[in-house]
Amino acid sequence: MKFQSRMRMFVMLIAPIAALLLVVASILYGAKQITATTVWESLFWFDASNVDHQIIWSSRLPRAVGAILIGCFLAVSGALMQGMTRNYLASPSMMGVSDGSVFVITLLMVFVPSAHSTQLILFSMLGSALGAGLVFGIAWLIPNGMSPVRLAILGIIIGTFLSGVADAVATYFQISQSVSFWYNARLHQMDPALIKLSIPFAFVGLMLALVASRSLLVLSFGEDVAASLGQRTWIVKAVTILAVVILTGVSVALAGKIAFVGLIIPHIARFLVGVDHRWTVPVSGVLGGLFLPLCDIIARFLNHPFETPIGVVTALFGVPFFLYLIKTRGGGKHA
Amino acid sequence: MPKLSNARFWTVLGSSLVLIVIVAYLSVTNGTFDLSVLDVCKTLLRIDPLPEHDLVVFEFRLPRLVLGALIGCALGTAGAVIQGVTRNGLADPGILGINAGAGMAVVLFMFLFQGVLSTTSWWSVLSMPLFGLIGGLIATAVIYLFATQNGRLDAQRLILVGIAIASGFGAITMYLSLKMNPRDFEMAVVWLSGSIHSANWKFVVMMLPWFLLVPVIWFRSHILDLFQMERDSVRGLGVSVERETNILLLCSIGLVSASVAVSGSIGFVGLIAPHLARRLIGWQHRQIIPISGVIGMAIVMSGDLIGRSVFAPAELAVGIVISIIGVPYYVYLLMRTKK
């Protein structure tokens with residue numbers, strides 16, 4: 001495993017530099033061209049009367065930081081879910097997690113119109129838990145529910161259902177616009193206050209993820225083996241699910257629904273550093289944190305000077321990768 | 001012509017038609033502008049017609065009703081064929097990505113001819129489903145490419161590939177729709193949500209030629225029965241499996257694409273209608289296919305009625321109503337499957 005241990009070192013060393021470069025690029029490029037000197041000045045000699053400085057601090061920087069965080073959270077969630085279910089398709093976007101979040105936020109907006117950001121984040125997490133809970137719960141109830149195909153179908157139809165109900169509620173109470181404002185195209189209007197709010201949650205989530213990742217390897221040998229090795233599997237599972245719910249909930253609250261990051265990054269991480277979750281989970285986080293800002297920068301150039309939704313760019317990478325996974329892994333025995 | 005002597009078939013057909021008539025009656029009389037049956041009959045039979053009744057009945061309610069019926073019938077029939085061909089009860093034009101492919105092509109059409117485009121010109125109205133068909137065929141080609149292994153269609157892979165290409169085509173559609181000018185974009189958004197809100201008689205006329213495919217399917221329905229056996233045994237009976245599969249799939253893709261071109265993506269009809277049909281009348285496809293069509297008709301018509309009456313004055317797209325009702329049923333089906 002020489003390649004993999006060298007990869008670990010390489011990823012860990014190269015990641016901070018790459019992240020820094022991405023942040024700089026992300027600040028430099030956009031609808032308005034800003035020079036490198038202006039960026040430098042704004043970081044160290046902030047001038048409130050300078051419009052460029054304002055743009056950098058209120059929009060470009062939060063956006064870059066937001067993209068890194070969200071990419072990291074989604075990828076870690078994906079790695080945890082794939083590790084726990086031993087299903088190569090398990091990932092936040094596949095499991096109806098974000099749709100659950102949209103559903104609960106819609107209800108909150110109807111019944112507590114005065115809810116502030118902290119509440120919205122909390123309820124977004126609750127919604128993620130609801131979505132994931134429904135999908136996993138039903139998957140657990142039906143025959144062979146955990147097989148890749150069944151789980152994918154369940155995720156999609158439960159997602160459709162939840163977003164359909166949310167849509168119906170929003171239409172009925174005529175708040176479709178505010179709901180879609182909360183959920184769509186959030187990355188280019190990232191709220192710095194929201195990022196600050198989300199940091200404590202994210203910290204807890206990441207800590208739980210690291211704790212869980214230490215035990216996931218044993219769990220990945222199968223429940224029986226894990227139990228016979230003296231592992232209390234339900235604790236591991238509960239911690240994993242909690243971490244997933246917190247991390248995905250925060251990302252959905254920050255940026256809405258972004259597909260494929262949590263699906264493809266863990267596969268790349270496993271390819272690079274092997275199947276040991278103590279490495280896969282953090283490396284997924286690092287790679288996710290690089291991948292999403294990259295997609296975000298591409299999104300700005302795809303239809304310059306207009307923004308392209310980031311989902312289009314993640315799909316650009318995600319769909320071919322997904323097809324490749326299907327081609328190489330297949331669907332298992334059960335449809 | 002296969003003989004249909006089964007009493008059960010006629011009972012189911014009859015009761016579905018009764019249901020359709022009831023829904024039709026409710027749809028024509030109810031709405032922002034309530035009409036009595038007498039008014040409707042008078043308008044239809046041209047007995048001293050009032051211009052405002054004419055407007056409501058002929059311009060708004062009837063085209064919508066007829067269009068809903070046609071779409072439901074097309075989707076139900078196509079769903080029955082696709083489930084029969086793939087031998088997979090979970091297959092549905094939506095889940096397989098055929099809707100998304102057709103949808104992408106139609107949005108591409110709207111995009112290429114933006115500004116020039118209007119829903120009222122015959123040329124654009126009639127060519128939209130053709131574009132949809134091309135998109136549907138591309139989607140099917142991709143599915144085939146990725147879901148076949150050693151020349152066999154893998155039923156498990158089929159669904160995963162469908163999910164993948166549905167999200168791929170969805171992304172392209174989103175990209176295209178954002179590059180459109182605002183007016184066309186509005187139209188694309190309304191249309192993408194799976195709604196028959198903007199129904200008019202031109203759409204109805206546009207759907208009609210595609211129903212020539214239904215008899216083609218129906219005369220081949222006995223082949224779908226054979227398809228439930230192993231492919232090799234079917235070959236042994238002297239059926240050219242590939243050719244028949246292609247014809248049947250092409251016909252159903254044609255039907256799906258035509259519906260997508262007028263109403264956007266309405267999911268779950270093609271999934272639920274054949275399931276209900278099978279539960280009600282058994283396993284003979286020459287009976288399943290017409291019953292699926294009629295049940296599909298009833299589903300879309302009722303969905304549209306619910307969508308526009310429960311949420312009045314706002315309207316909920318029929319696609320959303322059907323998915324809210326359809327998903328629990330689908331989960332129920334998943335729970336019942338043995339394997």
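Where in H3(B) does a kink of about 35° lie? In this predicted model, the kink is found at B:Arg61, shortly before the proline B:Pro63.

**View 1. Helix H3 of chain B, with its kink and its end.** Helix H3 of chain B runs over residues 51-86, and its 36 residues reach 51 Å from the first C-alpha to the last, which is close to the 52 Å expected at 1.5 Å a residue. The bend at B:Arg61, about 35°, belongs to this helix and comes shortly before B:Pro63. H3(B) is mostly covered, since 29 of its 36 residues are buried. Just after H3(B), the residue B:Arg87 takes a positive phi of about 50°.

View 2. B:Asp304 has its place in helix H14, which spans residues 285-309 of chain B. With a relative accessible area of 7%, B:Asp304 lies under the 20% cut-off and therefore counts as buried. When its neighbours within four places in sequence are left aside, B:Asp304 is in contact with B:Arg64, B:Ile196 and B:Val318.

View 3. In chain A, the residue A:Asp296 is placed in helix H12, made up of residues 277-302. Is A:Asp296 buried or exposed? A:Asp296 is buried, because its relative accessible area of 1% is under 20%. The side chain of A:Asp296 makes a polar contact with the side chain of A:Arg300, at 2.9 Å.

Technical notes
Residues are numbered from 1 along each chain as its sequence is written. Chains are lettered from A and ligands numbered from 1 in the order in which they are written. This is a predicted model: local features need pLDDT of at least 70, side-chain atom pairs count only at pLDDT 80 or more; totals for chains, interfaces and linings use all residues. Side-chain values use heavy atoms; hydrogens and water are left out. Helices (H or I, at least four residues) and strands (E, at least two) are DSSP runs, numbered from the N terminus. The expected span of a helix is 1.5 Å times one less than its number of residues. The bend at a residue is the angle between axes fitted to the seven residues ending there and the seven starting there. Buried means under 20% relative accessible area, exposed over 50%, partly exposed in between (1.4 Å probe, protein chains only). A polar contact is a pair of N or O atoms within 3.5 Å; within protein, one must be able to donate a hydrogen and the other to accept it, and residues adjacent in sequence count only if both atoms are side-chain atoms. Contact means heavy atoms within 4.5 Å.
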